[in-house]
Amino acid sequence: MNPLYRKQFNEQFTVEKYNHLIESISADFDYKPTFRIGETPFFISNELKNQLLEGCHEVIHFIQKNDFKNLTNKALELNRKVPNEDNHTTFLAIDFGICEENGNIIPKLIEVQGFPSLYNFQSNLAHKFEEHYPFLSELTPFLNGLNQESYGKLIEEVICNNYPKENVILLEIEPEKQNTKIDFYYCKRDISIPIVCVTELIQKGRKLFYTNQKGIEIEVKRIYNRVIFDELDLRSDLKLNFDFSADLEVEWAGHPNWFFRISKFILPYLKGKYFIETTLLSDLKEIPTDLENYVLKPLFSFSGSGVIFHVKKEDIEAVKEKDLYILQKKVNYLPIIQSPDGKVKAEVRLLAVWKKDAPSPTLVTNLVRLSRGEMIGVKFNKDKDWVGGTVGMFEK
């Protein structure tokens, strides 16, 4: 997309340098990430950046509508509702596939999430790339004039909301077993908050506590929530000592209700050039005859689970809870990134944070996934190179 930087990067790239990059990340915590990190950043042109920003602002405008909560209350009815919901989401992730339409490059909205992504890892990944390719300092992974330092301060402020660090926790289900734990490690290092498993929380009345490394019980006043209920509901083996549905004296950095409100649930409502034709199955008047052009997706799954790419009529008919699935038109991902042996597809996730009293969210950075497979996910890219998670770089 930015031919000057692409040429410069590819001329400097070696497998040895890539291995050093991975070793540098692994050395920070004596831990190698379990997801694949792509060999290259995505050099995003100003033209594509402006398209991405325009698409994001249309999504944000929809989320800021006065009747947004009324419109999305059904998403909570279909799942579970947690008390003490705040006025707006804290985190926003907006995913665009880089596609081709009528001979033109255009980003198409694939998904939107009111849930945190790899906010700490991505900034560190960009820094690692700069260390191995110094010319990348001419570019930036950040938006809205942020740099490494100001971005770090903003993320800390959003997560902690000025509470003492010991009273703020990153909450997850068995964090040591999560695929994203490299992000937790950077969060703990850069922000200095503890990582706590859901099984380690103790409820006393309306208060929550965890036990620190000295064996002292510490009150939890704010939770940086990384728990996905879909996953929690599958873990009947876990014994929790608190109830998510209880009226607790705790603040949420990422209230769980926003995971459901801002999700695939809103995709059928979004209309415009950056949005894909999407229909809730319960609203589907007739099954299309050209199902090869559609994909069937559950509304609230995580990591692409439950998605049917090659849809058959029987798949749609077999869905019992039609309020929980969407039928989405396929888009044509454009192989756009030049690797040493062919071109690679890309999906760009723009990340925003929404400070407690701010009038609107702020777009801060990005995450990019590279693919040579039929879809972006890991299972479609096994045993391939120049695929996986990376970061987009913008002109300053």
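Q: Which ring does the charged end of Lys 49 sit over?
A: The ring of Phe 394. The charged end is 5.5 Å from the ring centre. Keep in mind that this is a predicted model.

Q: And Arg 261, which face does that lie over?
A: The face of Trp 258. Arg 261 is 5.8 Å from the ring centre there.

Q: OK, ring on ring now. How many aromatic pairs does the structure hold?
A: The count is 26 aromatic pairs. Take Phe 121 and Tyr 186 as one of them: their centres are 6.1 Å apart, with 40° between the planes. That pair is classed as tilted.

Q: Where do Phe 121 and Tyr 186 lie?
A: Phe 121 is in helix α5, residues 119-132, and Tyr 186 is in helix α7. The pair therefore ties together parts that are 65 residues apart in sequence.

Q: Phe 121 and Tyr 186: buried or exposed?
A: Phe 121 is buried, at 1% relative accessibility. Tyr 186 is buried too, at 0%.

Q: Why is the pair of Phe 260 and Phe 300 edge-to-face?
A: Because the planes are at 75°, and over 60 degrees counts as edge-to-face. The ring centres are 5.4 Å apart.

Q: Which parts does that pair tie together?
A: Phe 260 lies in helix α9, residues 257-261. Phe 300 lies in the loop between β13 (294-298) and α10 (313-318). So the pair links parts that are 40 residues apart in sequence. Phe 260 is buried, with a relative accessible area of 3%. Phe 300 counts as buried at 6%.

Q: Which residues form one aromatic cluster with Phe 260 and Phe 300?
A: Phe 115, Phe 229, Phe 242, Phe 244, Trp 252 and Phe 259.

Q: Let's switch to Phe 91. Where is Phe 91 found, and what does it touch?
A: Phe 91 is in strand β2, residues 91-101. Leaving out residues up to four places away in sequence, its contacts include Phe 115, Pro 116, Tyr 119, Val 158, Ile 159, Tyr 224 and Val 353. Phe 91 is buried, with a relative accessible area of 1%.

Q: How far is Phe 91 from Glu 16?
A: Their C-alpha atoms are separated by 36 Å. Along the chain they are 75 residues apart.

Q: Helices next. At what angle do α5 and α6 cross?
A: Roughly 170°, with the axes coming within 11 Å. That makes α5 roughly antiparallel to α6.

Q: Which residues make the contact?
A: On α5, Tyr 119, Asn 120, Ser 123, Asn 124 and His 127. On α6, Gln 148, Tyr 151, Ile 155 and Ile 159. By class, four are nonpolar, five polar and none charged.

Q: What about α6 and α7, how do they cross?
A: At roughly 95°. Helix α6 spans residues 148-160 and α7 spans 181-191, and the axes come within 11 Å. So α6 is roughly perpendicular to α7.

Q: Which residues meet there?
A: Ile 155, Glu 156, Ile 159 and Cys 160 from α6 meet Cys 187, Asp 190 and Ile 191 from α7. This contact of α6 with α7 has five nonpolar, no polar and two charged residues.

Q: Why is α7 largely enclosed by the rest of the structure?
A: Because eight of its eleven residues are buried. Those are Lys 181, Ile 182, Asp 183, Phe 184, Tyr 185, Tyr 186, Cys 187 and Ile 191.

Q: What covers the buried residues of α7?
A: The cover includes α2 (15-29), α5, α6, β5 (168-172), β6 (195-197) and β10 (222-225).

Q: And just after α7, which residue takes a positive phi?
A: Ser 192, with phi of about 70°. Ser 192 sits in the loop between α7 and β6. At 44% relative accessibility, Ser 192 counts as partly exposed.

Q: Last one. Where does Asp 30 lie, and what is its phi?
A: Asp 30 lies in the loop between α2 and β1 (42-44). Its phi is positive, about 50°, although Asp 30 is not a glycine. Asp 30 is exposed, with a relative accessible area of 75%.

Methods
Residues numbered from 1 in each chain as written. Predicted model: local features only at pLDDT ≥ 70, side-chain atom pairs only at ≥ 80, totals over all residues. Heavy atoms only, no water. Axes fitted to C-alpha atoms, helices over the stretch in contact; angles between N-to-C directions. Helix = DSSP H or I, 4+ residues; strand = E, 2+ residues; numbered from the N terminus. Parallel < 35°, antiparallel > 145°, perpendicular 65-115°, else oblique. Contact = heavy atoms within 4.5 Å. Nonpolar A, V, L, I, M, F, W, Y, C, P; charged D, E, K, R; others polar. Phe/Tyr/Trp six-rings, centres within 6.5 Å; stacked < 30°, edge-to-face > 60°. Buried < 20%, exposed > 50% of the residue type's maximum accessible area, 1.4 Å probe, protein only. Lys NZ or Arg CZ within 6 Å of the ring centre and 35° of its normal.
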